[in-house]
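Please view the sequence and the structure first, and then read the points below by topic.

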Amino acid sequence: MVNWSQIDKVLLDMDGTLLDLHFDNYFWLEHLPAQYAAHHKMTLEDAVSSLTEQMRRKTGQLEWYCLDYWSELTGLPIAAMKVDIEHKIQYRPSVKTFLNALKSSDKRAVIVTNAHRDSVDLKMRKTALDTLVDRVISSHDYQEPKESQLFWQHLQADENFDPQRTLLIDDSLAVLASAQRFGIAHLLCIHQPDSQQPHRNIEQFPAVDLFDEILPIQGQ
């Protein structure tokens with residue numbers, strides 16, 4: 001599935017790829033609506049409906065991932081609220097083994113995430129994930145989401161990678177499609193980004209369940 005001899009750089013999504021997406025899904029779909037309903041003295045059903053519509057409008061845009069935007073919109077301290085449930089932040093299975101194998105090889109490993117820097121910082125404090133990779137880049141650093149071709153242009157100028165010798169692993173089909181349009185040759189999706197949700201059948205791109213299925217062989 002992965003020919004490591006053809007790859008120099010590995011770009012890794014964070015949420016749903018390296019870390020369990022359950023934390024994020026729980027926050028946005030359960031924790032935030034409950035707090036929003038209480039704060040604005042409305043029913044949970046109305047809160048869910050209002051937030052769902054706002055999220056739908058911003059899907060694929062930088063605002064969707066911006067904690068400052070959602071704090072202003074909801075009147076709630078989104079970054080602080082995430083700390084309240086930080087115990088739900090967890091690695092996906094075999095991720096540490098995979099990252100350590102990359103570190104032992106000659107592959108440069110870079111996290112590229114749409115997550116806001118406040119969310120990135122919280123997860124790094126909780127997991128020390130940043131110590132297992134060479135660099136962590138947020139799309140907010142470039143002011144463009146990974147769904148945009150401008151993100152990849154900024155990234156290429158910043159990281160100087162050869163798209164034909166680059167692997168991107170991401171749980172988002174929209175992001176993988178964007179990377180494919182840019183010319184990144186090696187693309188891999190995740191079957192089960194949220195441990196509490198069913199296994200997905202991915203047809204558009206090659207996909208894995210666990211990273212130990214694609215461990216790099218030292219020297220390749």
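Asp-106 is exposed, at 61% relative accessibility, where exposed means over 50% relative accessible area, buried under 20% and partly exposed in between (1.4 Å probe, protein chains only). The model is a predicted one, in which local features need pLDDT of at least 70 and side-chain atom pairs count only at pLDDT 80 or more, while totals for chains, interfaces and linings use all residues. Residues are numbered from 1 along each chain as its sequence is written, and side-chain values use heavy atoms, with hydrogens and water left out.

**Salt bridges**

- Asp-106 forms a salt bridge with Lys-107, at 3.4 Å from N to O; a salt bridge here is a side-chain nitrogen of Lys or Arg within 4 Å of a carboxyl oxygen of Asp or Glu.
- Arg-135 is joined to Asp-158 by a salt bridge whose closest N and O atoms are 2.7 Å apart.
- This pair links distant parts of the chain, since Arg-135 belongs to strand E3 (residues 135–138) and Asp-158 to helix H8 (residues 149–159), 23 residues apart; helices (H or I, at least four residues) and strands (E, at least two) are DSSP runs numbered from the N terminus.
- Both partners are partly exposed, Arg-135 with a relative accessible area of 28% and Asp-158 at 35%.
- Through shared partners, salt bridges join Lys-9, Arg-108, Arg-135, Asp-158 and Glu-159 into one network.
- Arg-57 and Glu-53 are four residues apart in H2 (residues 44–58), so about one helical turn separates them.
- Glu-53 is partly exposed, with a relative accessible area of 28%.

**The sheet and the helices across it**

- Strands of a sheet pair through backbone hydrogen bonds, either parallel or antiparallel.
- In this model six strands form an open sheet with parallel pairing, in the order E3-E2-E1-E4-E5-E6; two strands pair if DSSP finds at least two bridges between them.
- E3 and E6 are the edge strands, and each has a single partner strand, so one side of each has no neighbour in the sheet.
- Strands E1 (residues 9–12) and E2 (residues 108–113) run parallel and are joined by four bridges.
- Lys-9 has Arg-108 as its bridge partner in E2.
- Helix H5 (residues 95–104) lies across E1, E2 and strand E4 (166–169), at about 155° to E1; axes are lines fitted to C-alpha atoms, for helices over the stretch in contact, and angles run from 0 to 180 degrees between N-to-C directions.
- Helix H9 (residues 173–182) lies across E4 and strand E5 (186–190), running at about 180° to E5.

**Packing of H2 and H3**

- H2 packs with helix H3 (residues 67–74) at an angle of about 145°, and their axes are 12 Å apart.
- The contact involves Leu-51, Gln-54, Met-55 and Lys-58 of H2 together with Tyr-69, Trp-70, Leu-73 and Thr-74 of H3; contact means heavy atoms within 4.5 Å.

**Nonpolar cores**

- The largest nonpolar core has 45 residues, and those with the most contacts inside it are Leu-12, Leu-32, Ile-78, Phe-98, Leu-99 and Ile-169; such a core is a set of buried Ala, Val, Leu, Ile, Met, Phe, Trp, Tyr and Cys residues joined through side-chain atoms within 4.5 Å.
- Helix H1 (residues 22–39) gives the largest share of this core, six residues.
- A second, separate core has 20 residues, among them Trp-152, Leu-176, Phe-182 and Ala-207.
- Not counting residues up to four places away in sequence, Ile-78 touches Phe-27, Trp-28, Leu-32, Leu-67, Trp-70 and Ser-71.

**Two further residues**

- Leu-155 is placed in helix H8 and is buried, at 0% relative accessibility.
- Beyond residues up to four places away in sequence, Leu-155 touches Leu-11, Val-112, Ile-137, Tyr-142, Asn-160 and Phe-161.
- Asp-212 lies in the segment after strand E6 (207–208) and is partly exposed, at 43% relative accessibility.
- From C-alpha to C-alpha, Asp-212 and Asp-13 are 17 Å apart in space, and they are 199 residues apart in sequence.
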